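Hi everyone, thanks for coming along. Let me put the structure up, and then we can walk through it together.

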Amino acid sequence: MSTGSSSAAFWENHYSRLDESSGTTPNAVLEELVNTLAPAPGTGLGVLVQTPSAK
């Protein structure tokens, strides 16, 4: 995926197709956590996603 306006257009298109019944409001717990960890607009928040290891 390229950067810039084509990226923005991709996401605008993606979200415009979502069914509003699936919810468009942020998860309240996640919103509180993000506001606590990165309270200032423009503040970066590092996220590490770990997947379960195969057994």
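Which residues form one aromatic cluster? They are F10, W11 and Y15.

Before I go on, a word on the ground rules. This is a predicted model, where local features need pLDDT of at least 70 and side-chain atom pairs count only at pLDDT 80 or more, while totals for chains, interfaces and linings use all residues. Residues are numbered from 1 along each chain as its sequence is written, and side-chain values use heavy atoms, leaving out hydrogens and water.

Back to the rings. A search of the whole structure turns up 2 aromatic pairs. In one of them, the ring centres of F10 and W11 are 4.8 Å apart with planes at 85 degrees, so that pair is edge-to-face. For the cut-offs, rings of Phe, Tyr and Trp (its six-membered ring) pair if their centres lie within 6.5 Å; planes under 30 degrees apart are stacked, over 60 edge-to-face, and the rest tilted. F10 counts as partly exposed at 39% relative accessibility, and W11 is partly exposed at 39% too. Here buried means under 20% relative accessible area, exposed over 50%, and partly exposed in between, with a 1.4 Å probe and protein chains only.

Now the overall picture. The protein chain has 2 helices and 0 strands (DSSP runs: H or I of at least four residues for helices, E of at least two for strands, numbered from the N terminus). Buried residues are 4% of the 55 residues in the chain.

What about α2, residues 28-37? Of its 10 residues, the number buried is 0, so α2 lies largely in the open.

Last stop: V47, in the segment after α2. With 67% relative accessibility, V47 counts as exposed. Thanks, and I'm happy to chat!
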